Amino acid sequence: MSERRTWAPWAMSAPALLLFAVMLAVPLLLTTILSFNAYHVDTGPVAGSFTFEHYVHIVTDSYYYEIFWRTLWISGLVTLICIAIGAPEAYILSKMRAPWRSIFLLIILAPLLISVVVRAFGWSMLLGPEGLINDIFRLVGIGPVKLLYNETAIVIALVHVMLPFMVIPVWTSLQKLDPSVESASLSLGASHFTTLRRVVFPQVLPGILSGSLIVFGLAASSFAIPGLLGGRRVKMVATLIYDEYLHELNWPLGAAIAFVLLAANLVIMLGWNRMVEGRYKKTLG
Amino acid sequence: MSFLRLHNVSKQYGPNRVVSQFNLDVQKGEFVSLLGPSGCGKTTSLQMIAGFVDVTEGRIELDGKDITRAKANERGLGIVFQTYALFPHMTVRENVEFGLEMRKVAQPERSERASEALALVHLGPYADRYPRELSGGQRQRVALARALVIKPPVLLLDEPLSNLDAKLREEMQFELREIQRKVGTTTIMVTHDQSEAMSISDRVVVMEAGRITQVDTPHTVYEHPHNAFISTFVGKANLLQATVHAQGGQWLAHVGDVQMAVQDVPAAAASHGTRLLLGLRPEKIQLSASSAGRTQGTVRERFFLGNLWLYTVECPLGSITVTAANDGEAPHQVGSQVGIDWSDRNVRLIAGDGVAA
């Protein structure tokens with residue numbers, strides 16, 4: 001009986017483990033190995049060779065860390081905007097009455113139902129020089145403003161795509177909130193704003209943390225939006241990797257960039273997690 | 001001059017009138033309970049006093065000032081919620097100090113008053129703990145300290161003890177009353193537990209279906225319930241269908257072939273053969289040996305309640321409930337014949353389900 005117990009959990013999680021091994025661990029390992037292979041312009045990657053040249057190349061060439069820096073600040077900005085819009089949105093949503101709540105939740109989730117590529121083209125129609133937004137600007141007497149094929153377009157479209165990933169975790173932690181806690185704060189003389197800041201916000205911090213981790217991680221590795229709305233000049237790391245693989249055909253360099261992106265993402269997300277979690281772990285358990 | 005006055009207060013949600021014509025005058029320092037079954041409007045009434053629910057009609061006055069339209073955070077009332085509603089991310093001390101902080105009480109005084117409030121509820125040593133590290137009873141005390149520390153004119157308690165287990169609830173009842181006496185805060189408590197309301201209140205307000213049906217001291221509510229519902233909701237009662245007629249200057253009631261004298265028959269009901277409802281409390285009936293008593297019956301069921309024996313007796317009055325102290329005498333056996341005795345002083349005439357005048 002006890003013997004059964006020891007292998008049963010492994011057997012039951014075997015399909016998932018196998019899937020992860022084949023789909024994630026093996027490609028990751030192959031990519032890592034590839035990033036250390038030498039590259040010849042004529043013959044491509046040299047199997048079995050070992051070199052640090054691609055990493056040295058990434059670190060020494062300002063072209064690369066410009067793109068890394070852009071990816072970092074765009075992802076950071078998208079995360080901040082998502083917190084600023086998503087957290088209040090989730091709060092308002094949780095205060096809505098029966099039919100409206102589901103309707104608005106559906107509206108917020110709607111972007112997830114549409115392909116990223118379709119949405120990106122939608123934004124390019126809206127943001128283009130002859131698009132709706134510039135039409136409105138023209139009516140007011142501003143512009144035309146260049147909104148497409150630059151960082152602004154990427155940030156706007158990424159916020160739109162990522163918002164549900166912020167709203168849902170915050171909404172979930174708001175559901176766990178005892179509604180009379182807010183009443184208690186009011187009864188003690190706090191204003192609505194103080195109640196939000198001192199009582200509600202600290203309790204939904206875990207939701208904001210998980211939301212920001214998801215948003216940052218997805219934004220930093222996003223490909224379709226920067227690819228379609230950033231144009232040829234404004235690149236992010238994921239589009240850079242694509243170029244190295246498919247245009248330059250320098251697979252080892254592409255693999256090395258991918259590895260650096262993964263490592264940087266991990267460091268930033270773990271650091272952020274530790275910083276925010278430290279603030280509420282002791283109190284909320 | 002009453003301290004807190006509710007004048008014709010009503011609450012309407014769409015077509016539903018949840019509270020209607022709520023009139024109550026509370027004296028300073030008084031402990032009043034709103035008692036009723038769930039859905040009777042007692043919690044809505046409390047929330048209107050607290051300012052969490054808008055008043056549809058009527059007026060609420062506190063110390064002579066009209067607070068009907070004042071916002072919850074301007075009323076300055078102390079509220080203890082059913083779920084305690086402590087701030088989980090703050091320590092016990094921070095919870096208690098929150099209200100003082102909002103009132104901009106400066107630091108040395110703030111922590112002094114918080115310590116006093118915590119000492120009052122015997123939680124001094126727990127000041128630096130977080131709510132999740134406390135038991136239910138301790139959380140309840142923190143909530144009480146947090147509400148009292150701001151020295152509110154009125155303390156509102158929303159089913160404060162309903163989440164505690166039976167033994168703790170009883171202890172907290174007496175402690176709550178003791179603390180209330182000590183600080184002298186006017187208190188209004190909502191409860192559906194009649195024994196809780198009876199044991200600690202100065203006055204009990206019984207509510208049914210959004211209306212007040214009786215406002216009296218606990219003893220009066222128990223001894224002179226205004227209607228059949230109150231007589232069975234507050235304690236147990238045997239309700240007997242009787243016909244009354246006058247005889248020699250007093251009223252006699254007949255239940256089956258048993259005759260008893262009743263007092264205070266209202267003039268409207270006082271014609272011969274009028275059918276009325278009588279109430280007789282189980283503890284006011286005595287069982288004895290079968291030959292004695294005003295009538296005889298058979299013990300159908302017997303339950304042991306520790307301090308009491310509870311019998312169901314089949315007799316000419318119908319199937320009645322009788323309790324007897326577990327005083328060490330041998331109890332009556334199921335199936336045995338018993339004599340049934342009571343004093344007519346304890347027979348209550350119960351008005352119909354009309355609303356209290």
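Two residues are taken to be in contact if their C-beta atoms, placed from the backbone, lie within 7 Å. The model is predicted, with local features requiring pLDDT of at least 70 and side-chain atom pairs counting only at pLDDT 80 or more, while totals for chains, interfaces and linings use all residues. Residues are numbered from 1 along each chain as its sequence is written, and chains are lettered from A and ligands numbered from 1 in the order in which they are written.

**View 1**
Leaving aside residues up to four places away in sequence, Leu148(B) touches Gly78(B), Ala117(B), Leu120(B), Leu155(B), Val183(B) and Thr185(B). A residue is called buried if 20 or more other C-beta atoms lie within 10 Å of its own, exposed if 12 or fewer do, and partly exposed in between, with C-beta atoms placed from the backbone. Leu148(B) counts as buried because 24 other C-beta atoms lie within 10 Å. Between Leu148(B) and Gly99(B) there are 9.7 Å in space, C-alpha to C-alpha, although the two are 49 residues apart in sequence.

**View 2. Strand β3 of chain B and its parallel partners, β8(B) and β9(B).**
All five residues of strand β3 (residues 31-35) of chain B are buried. In a regular strand the side chains alternate between the two faces of the sheet. Both faces of β3(B) are covered, with Phe31(B), Ser33(B) and Leu35(B) buried on one side and Val32(B) and Leu34(B) buried on the other. Strands are said to pair if DSSP finds at least two bridges between them. β3(B) pairs in the parallel sense with strand β8 (residues 186-191) of chain B over five bridges, and Thr187(B) in β8(B) is the bridge partner of Phe31(B). A parallel pairing over four bridges also links β3(B) to strand β9 (residues 203-208) of chain B, where Val206(B) stands opposite Leu35(B).

**View 3. Strand β11 of chain B with its antiparallel partners, β14(B) and β12(B).**
Strand β11 (residues 238-247) of chain B runs antiparallel to strand β14 (residues 274-280) of chain B, to which seven bridges join it; here Gln241(B) stands opposite Leu277(B). β11(B) also pairs in the antiparallel sense with strand β12 (residues 250-255) of chain B, over five bridges, and Val244(B) is placed opposite Ala253(B) in β12(B). The hairpin formed by β11(B) and β12(B) has two residues between the strands, and Gly248(B) in its turn has a positive phi of about 55°.

**View 4. Positive phi at Gln21(B) and Lys104(B).**
Gln21(B), a residue other than glycine, has a positive phi near 50° and is placed in strand β2 (residues 16-26) of chain B. Gln21(B) counts as partly exposed because it has 16 C-beta neighbours inside 10 Å. Lys104(B), likewise a residue other than glycine, has a positive phi near 60° and sits in the loop between α3 and α4 (107-120) of chain B. Lys104(B) is exposed, since 8 other C-beta atoms lie within 10 Å.

**View 5. The two domains of chain B.**
Chain B is divided into domain 1 (4-232) and domain 2 (236-350), with bounds that come from an automatic or database domain assignment. The centres of domain 1 of chain B and domain 2 of chain B, taken over C-alpha atoms, are separated by 38 Å, and six residues of domain 1 are in contact with six residues of domain 2. By class, the side of domain 1 of chain B that touches domain 2 of chain B has two nonpolar, four polar and no charged residues, where Ala, Val, Leu, Ile, Met, Phe, Trp, Tyr, Cys and Pro count as nonpolar, Asp, Glu, Lys and Arg as charged, and the others, Gly among them, as polar.

**View 6. The contact between chain A and chain B.**
The contact takes 18 residues from chain A and 20 residues from chain B. On the side of chain B that touches chain A, α2 (72-75) and α3 (92-102) of chain B each supply at least two residues, and α3(B) gives the most, with three residues. The residues on this side of chain B divide into 13 nonpolar, five polar and two charged.
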